[in-house]
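Subject: Handing over the structure

Hi,

Here is the structure I said I would pass on to you. Have a look at it first, and then read on for what I found.

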Amino acid sequence: MGLIVNPVAGLGGRVGLKGSDGAAIQQQALRLGAVPQSLHRAAQVLERLKPIKDELMLYTYPAEMGEEAAKRCSLDHTVIGSIVAGQTTAADTARAAREMQRLRVDLLLFAGGDGTARDITDAIDDTLLVLGIPTGVKMQSAVFAVSPISAGDLALASLQGRIRREREAEVMDIDEDALRQGIVTAKLYGYLRVPHEDRLVQGAKTPSSGRDKVAMETIALQIIDHMEDEPLYIVGPGTTTRAILSKLGLDKTLIGVDVVWKDKLLASDVNEAQLLNLLEGRTSRIIVTPIGGQGYLFGRGNQQISPKIIKQVGKANIIVVATPEKMDALRGRPFLVDTGDPETDRWLSGYTRVVCGYGEYSIYKISYAGEN
Amino acid sequence: MQNITEKRYTDGRPNLRRFHQAKWDEPIIFELSNPGERGILPPAVEDGIRDAVGNVASALPDMLRRKTPLDLPEMAQPQVVRHYMRLSQENLGLDLNIDIGQGTCTMKYSPKINEQLARTPQITELHPLQPEETVQGILEIMYKFEQILKEISGLDRFSLQLGAGSAAIYAAASIIRAYHAARGDTGQRDEIITTIFSHPSDAACAKTAGFNVITLYPDDDGYPDLNALKEAVSERTAGLMTANPEDTGIFNPRIAKFVDVVHKAGGLCFYDQANANGVLGITRAREAGFDLCHFNLHKTFSTPHGCGGPGAGALGVIEALSPFLPTPLVAYAGNRYYLDHNRPQSIGKVRAFYGVVPAVLKAYAWVMSLGAEGLKEVSKTAVLNNNYLLKKMLEIPGVSAPYAKGKRRIEQVRYSWEKLCKETGVHSEEIGLRAADFGVHYWTSHHPFIVPEPCTLEPTESFSKADLDEYVEILKHVAHEAYTDSDRVKTAPHNSTVHRTDQAPFDDPSQWAITWRAYLKKTERDKKG
């Protein structure tokens with residue numbers, strides 16, 4: 001197993017700085033009395049791995065980037081790489097991740113937030129299994145376990161081969177500088193492969209094999225069987241929408257917006273201007289799926305589908321798709337819209353029909369940011 | 001003389017029961033087979049009889065005669081008895097434990113006298129092909145039980161042919177389809193609406209019956225969302241299939257409005273009464289305006305569940321829908337009971353013959369022993385038990401009861417150990433396994449999987465205050481362990497025969513077989529490669 005600790009992750013949170021990206025903010029946070037969280041949290045995770053300590057080969061980075069956590073838990077470990085202690089940067093995280101990948105670790109654990117997840121996404125390819133220990137200020141990404149303890153249990157189960165399923169989880173990041181100005185601009189940055197404990201089916205009377213994957217297949221069939229000839233289909237990012245294009249034999253831009261017409265890919269990874277051009281004089285539909293664990297339908301990760309485009313397509317022509325597992329993960333929280341235009345947000349709010357499978361729908365609430 | 005009773009309590013609270021499950025490394029019965037061994041050796045047929053009767057087997061048509069002998073284990077009686085006695089000891093069944101952890105299943109005591117009745121020769125020797133005039137007694141019981149169900153529900157006609165709750169729900173969906181078809185509406189009305197916390201069979205049966213299914217999520221207060229329903233209905237609406245109370249134990253106070261919205265859209269309304277145990281004699285399908293409803297005799301009416309049963313369902317409808325009920329129905333002609341097969345609009349048979357007759361008999365006996373007031377008392381006690389348990393459960397650190405916060409529940413509650421899990425890493429499933437060390441259990445399988453770390457408890461009228469206190473005391477103890485010695489819980493059970501099973505192979509059909517025959521087929525196939 002590889003372990004990377006971002007020693008400055010979470011620094012900005014308790015002192016109200018909305019994030020910890022960049023050396024200046026980190027210094028400011030420390031001046032404001034911020035106490036690093038990541039060492040303690042990483043150690044909590046390692047404690048849970050003690051049952052396999054004799055078999056565990058732990059690779060980590062020096063000093064505060066993992067070595068200290070391993071020592072605190074008295075776990076045998078191998079330190080690789082080098083850093084300038086007290087002055088670590090995103091480049092250290094990325095280099096560590098690349099080296100872990102080269103070592104072909106079974107699982108890469110990292111303690112950090114969205115920024116750390118983003119750095120790791122950039123550094124590695126999708127052959128590496130990764131799991132985030134929640135440590136950061138912003139954790140919009142779906143790659144984190146719910147707590148350090150559950151990260152430890154999940155890592156243990158994965159390393160022991162008790163969990164064999166994986167899922168592709170969204171890596172989101174928000175522009176911190178903009179956030180400090182009160183503007184939320186979240187981007188869907190990419191996907192990481194994480195171990196997926198389908199705890200939900202353990203001991204269940206309904207044994208299921210990859211229920212989410214099956215649901216995506218059936219959603220894709222439902223959409224394709226009911227596709228019309230005339231309209232353009234603007235297909236938002238996500239693995240659920242990717243399944244639709246895969247069924248059509250088309251390549252989907254995972255974190256971008258594609259346009260399909262008559263079962264063919266008309267344009268890939270389009271921006272707002274290109275979309276407006278394509279829409280000229282044509283009827284259209286939008287296919288979207290909520291992004292990340294937050295339930296955002298518009299305004300996070302799919303800003304290309306702008307208020308202007310949404311209005312032009314029309315509310316009745318928005319097709320929302322989501323697997324039951326994704327719906328359940330929202331725990332009753334509504335879908336959210338944050339398009340940047342309050343009027344559009346209000347107009348979109350209310351109820352929507354969601355395609356959850358073949359001939360299976362839900363009626364689900366949409367709220368706009370700032371409502372309630 | 002020592003006071004032995006006092007020793008069972010500490011500070012007025014019951015001590016936890018010390019329990020250890022029996023462990024037998026018992027082979028599968030087919031592995032115990034010893035060729036040639038027999039349980040009973042009947043004497044040879046006497047010459048005179050053989051001469052008179054001839055070869056009995058030759059009287060059977062060739063097509064009905066077995067070409068190869070039946071593949072049964074060959075064993076003597078004592079081996080068979082030992083085998084099953086051992087298996088029975090490896091159980092944690094209803095008659096052994098305080099079985100309130102099997103929430104949504106309405107585990108209640110099945111009086112033994114009713115079991116005895118069902119085992120009398122008058123029942124066991126009946127044959128479904130007997131002429132009607134020779135089975136007037138059981139037809140009378142079925143007819144009279146139907147009258148009772150009509151009174152309990154307010155609906156007009158019942159079929160007792162259903163072999164299970166889901167069979168009744170499937171038949172209800174089929175009747176909804178037949179009704180719209182009869183009005184020439186089939187193609188258009190293809191959507192059934194249900195709620196996410198309704199009995200999952202509602203969505204499943206509607207889907208199996210060919211409908212598209214629309215699921216509603218709760219509103220902000222945790223109740224079924226009326227506005228979402230208004231969004232859902234259209235000219236495509238065939239019907240609403242919903243439970244009340246839902247599987248969270250929350251009663252939908254606006255149920256009559258739900259029914260009204262669906263009726264105005266031209267749909268029918270089916271009341272899934274799998275959770276009827278808290279509302280007998282208190283609310284009825286009729287008053288809420290429902291067109292169809294069903295009961296699970298093996299839940300609410302005390303006939304044991306499938307594994308100790310078999311189960312049985314009862315499906316009721318309003319007069320306008322009675323032509324569609326399964327055929328035949330039991331009817332009364334003033335001087336005799338008969339089976340009415342002349343039902344041209346019926347959805348047909350949903351099960352061979354007339355239903356699970358022993359279950360109907362047990363349910364009838366149970367109701368007759370209670371009377372109308374007794375039935376109401378059943379519900380009042382079940383609700384009281386549940387709300388007492390709710391209060392005690394919420395005193396345990398780490399437990400919550402999501403949705404409709406602060407409101408009372410009907411007959412069950414879906415709790416969550418989310419807080420405890422976040423703080424200790426102990427999952428609901430592990431709490432259930434640790435509870436088994438004290439001779440009780442609960443299960444965590446609760447579709448849909450929205451409530452995190454769920455635990456559904458349903459303390460029916462069968463359990464005393466002492467039972468409830470003992471159960472809570474066990475969970476309290478386990479929760480305390482989770483916070484102080486979580487490994488103890490995470491490695492549980494410690495007193496059971498099988499500690500942990502690896503559930504991952506369930507996803508791989510090459511690693512499991514549900515019958516001996518399937519096992520042989522699969523291993524045979526493997527050998528062939």
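A word on domains before the distances: the domain bounds used here come from an automatic or database domain assignment. Please also keep in mind that this is a predicted model.

**Confidence**

For the complex, the predictor gives an ipTM of 0.85 and a pTM of 0.84. Chain B has an average pLDDT of 92, and 98% of its residues score at least 70. In chain A the average pLDDT is 86, with 88% of the residues at 70 or above. One stretch of chain A needs some care: over residues 200–209 the pLDDT is below 50, and beyond near neighbours in sequence this stretch has 14 contacts in the model. Where pLDDT is low, the predicted coordinates should not be read in detail.

**Domains of chain A**

Chain A is assigned a domain 1 covering 2–197 and a domain 2 covering 211–368. Between the C-alpha centres of domain 1 and domain 2 of chain A there are 31 Å. The two domains do touch: 14 residues of domain 1 of chain A are in contact with 12 residues of domain 2 of chain A. On the domain 1 side, strands β6 (166–174) and β7 (186–195) of chain A each supply at least two of the touching residues. It is β7(A) that gives the most to this side, with 6 residues. Sorted by class, the side of domain 1 of chain A that touches domain 2 of chain A has 7 nonpolar, 3 polar and 4 charged residues.

**Domains of chain B**

Chain B is divided into domain 1 (17–91), domain 2 (135–368) and domain 3 (372–490). For domain 1 and domain 2 of chain B, the C-alpha centres are 41 Å apart.

**Helix pairs**

Two packed helices are described by the angle between their axes and the distance between the axes.

In chain A, take helix α3 (residues 38–47) and helix α7 (residues 148–159): their axes come within 7 Å and cross at roughly 40 degrees. α3(A) and α7(A) are therefore oblique to each other, and their crossing is right-handed. From α3(A), the residues Arg41(A), Gln44(A), Val45(A) and Glu47(A) meet Pro148(A), Ile149(A), Ala151(A), Gly152(A) and Ala155(A) of α7(A). This contact has 5 nonpolar, 2 polar and 2 charged residues.

Also in chain A, helix α5 (residues 90–102) and helix α6 (residues 114–123) have axes that come within 8 Å and cross at roughly 45 degrees. That angle makes α5(A) oblique to α6(A), and the crossing of α5(A) and α6(A) is right-handed. Here Ala90(A), Thr93(A), Ala94(A), Ala97(A) and Arg98(A) of α5(A) meet Thr116(A), Asp119(A), Ile120(A), Asp122(A) and Ala123(A) of α6(A). By class, this contact has 5 nonpolar, 2 polar and 3 charged residues.

In chain B, the pair is helix α13 (residues 428–435) and helix α14 (residues 465–484), with axes that come within 10 Å and cross at roughly 120 degrees. This makes α13(B) oblique to α14(B), and α13(B) passes α14(B) in a right-handed crossing. Ile431(B), Arg434(B) and Ala435(B) of α13(B) meet Ile474(B), Leu475(B), Val478(B) and Glu481(B) of α14(B). The residues of this contact divide into 5 nonpolar, no polar and 2 charged.

**Backbone details**

Most residues other than glycine have a negative phi, and most peptide bonds are trans. Here are some places to look at with that in mind.

- Asn244(B) and Pro245(B) are joined by a cis peptide bond, with omega about 0 degrees. Pro245(B) sits in the loop between β6 (237–243) and α9 (255–264) of chain B.
- Thr327(B) to Pro328(B) is a cis peptide bond too, and its omega is near -5 degrees. The loop that holds Pro328(B) runs between β9 (313–317) and β10 (329–332) of chain B.
- Arg104(A), a residue other than glycine, has a positive phi, near 55 degrees. Look for Arg104(A) in the loop between α5 and β4 (108–112) of chain A.

Methods
Residues are numbered from 1 along each chain as its sequence is written. Chains are lettered from A and ligands numbered from 1 in the order in which they are written. This is a predicted model: local features need pLDDT of at least 70, side-chain atom pairs count only at pLDDT 80 or more; totals for chains, interfaces and linings use all residues. Axes are lines fitted to C-alpha atoms, for helices over the stretch in contact, and angles run from 0 to 180 degrees between N-to-C directions. Helices (H or I, at least four residues) and strands (E, at least two) are DSSP runs, numbered from the N terminus. Angles under 35 degrees count as roughly parallel, over 145 as roughly antiparallel, 65 to 115 as roughly perpendicular and the rest as oblique. A crossing is left-handed if the near helix is turned anticlockwise from the far one by less than a right angle, and right-handed if clockwise. Two residues are in contact if their C-beta atoms, placed from the backbone, lie within 7 Å. Ala, Val, Leu, Ile, Met, Phe, Trp, Tyr, Cys and Pro count as nonpolar, Asp, Glu, Lys and Arg as charged, and the others, Gly among them, as polar. pLDDT is the predictor's confidence in each residue, from 0 to 100.
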